[in-house]
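Here is my note on the interface and the salt bridges. Please read it beside the coordinates.

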Amino acid sequence: MGVGDPFGMAITHALASGMGGIRTAGDLVARVQMSRGLKTEAAKEYVAGKLGIGVLDLANEEVMTEVRRELDLGLVYSLPGYARGLEAKRNIAGVLEIPVNCLRRLGKGT
Amino acid sequence: MKKYYVRMGDGYLEQMTREEIKAELEAGMADASEKAKIAPLSESEILHLLEIMTTEARFVSVERGREIVLTTDGVVVTGDDEPSAGIPVCRSTGVEIWERIVCADTAELGNWDYSYKAVKSVVVSEQQIMQRILINTVLPVFYGAMPNLGLYTQPDGPVPNPAELLPQGKISEARACQEEAMEYATKDMVYVAGLLYEAGADGLNFDTTGAAGDADFLATLRAVEILKDKYPEMPIMVGMAGEILLGMHGELYYKGVRLAGLPPHEQAAVVQSAGATIFGPAINTRTNRSFPWNLARALTYVKACVDAVDIPVHANVGMGVGGVPMSEIPSPDAVSRVSKAMAEIGRLDGL
């Protein structure tokens, strides 16, 4: 929090201590933390368990790119035929077994 | 004797010996520990921090496996209507850039006028932008704004200004004004947050809570309670404005706890009891003290927060808080050290 204040520092935090966002499993761990109120360590274990990988690989781009492709959880780059946006979030909700608010509110038919 | 580059609290680049840095770390830690009556850092934690401070690299990062979740405030990348990076693209594009270029773990949509009261009149357009963002992005997206109780007092709002009444000795009148302002603020926060959640937002952020003192904080706690009652699954993040809660009213209580003067770890407990999902302590940086002094002090405070609650703790580490130097463009050498220390020593869940 608070990293939106001055120019250029948010990216410093993202690289120095962040999970890596959709490049890895950062968004997935964040979602589990938010929806289940878990501490980061517990949230990581939960996500790793659901994805069938080790906790260390959650921030491993090489492994997570393959996992995200295989489970169609959304990618940094938009490869044709792979899920994006709401479609990817529907897959995330299914794999992690967590609610994703916008699916209820925006995409009842997805 | 070998000297290492260290920043001052205002960002100025200085040099100190290892012994001088260690003395600064111990003094900063003692300041927090004594003022808040909380546990000091252990000797091994001080040595770990000293190692982070004296490493020659300009940029440092966490050990593998110690990564934490990054949350933020506002659309950081850009926005042609925001005082941010000034790149002329809309906020929804800004969030997409944030997701796929910065690769942060979460994003936030916020209005240029970053207060719930101000957003109330444009909330429908905020809902539209939120919906557009959610269609095109994968990462969790918060909606954030400030409770900002000050906006409810004259000349900006309907309530007489307590800051004018207090110097006149009208203490009870000033308290009554703050209590009236709280009612307006809670109503606005519940209204705006509810509509953004119904538009699909993944979570809500009450940012810079307590900026106008204990009444500002209580108005937010009440809003959190009402929202969690109405939307039990709504993730709510409450970030603070400063380390010690100002007692502008002085006689406000929440569940039996007097709010005026609460230190961060007690703020965390109160926020948890209101039903919030994530707590964000804000520890002010002293510009006339060194960066090591400030970081050790901030770490002592946030570590006590982590120990005090079961909910995740994401420290505020923006400009001038959490040990980050108070300068317009903070240097990555200092910011990355804050990041690493907060994750590895503070044992935080996120920043």
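The points below take the chain contact and then the charged pairs.

1. This is a predicted model, in which local features need pLDDT of at least 70, side-chain atom pairs count only at pLDDT 80 or more, and totals for chains, interfaces and linings use all residues. Residues are numbered from 1 along each chain as its sequence is written, chains are lettered from A in the order in which they are written, and side-chain values use heavy atoms, without hydrogens and water.

2. Chain B puts 78 residues in contact with 52 residues of chain A (heavy atoms within 4.5 Å). About 5000 Å² is buried between them, 62% of it from carbon and sulfur atoms (accessible area lost on being put together, 1.4 Å probe, summed over both parts). On the chain B side, B:Glu67, B:Cys103 and B:Val138 lose the most area to chain A, together 13% of what that side buries.

3. Four salt bridges link chain B and chain A (side-chain nitrogen of Lys or Arg within 4 Å of a carboxyl oxygen of Asp or Glu). One of them pairs B:Asp349 with A:Lys39 at 3.5 Å. A:Arg31 and B:Asp202 meet at 3.0 Å, N to O. Here A:Arg31 sits in helix α2 of chain A, and B:Asp202 in the loop between α7 and β5 of chain B. Both residues are buried (under 20% relative accessible area, 1.4 Å probe, protein chains only; exposed is over 50%, partly exposed in between).

4. Within chain B, B:Lys2 bridges to B:Glu56 at 2.8 Å. The two are 54 residues apart. B:Lys2 is partly exposed at 47%; B:Glu56 is exposed at 58%.

Terms used:
Buried area = accessible area lost by both parts, 1.4 Å probe. Helix = DSSP H or I, 4+ residues; strand = E, 2+ residues; numbered from the N terminus.
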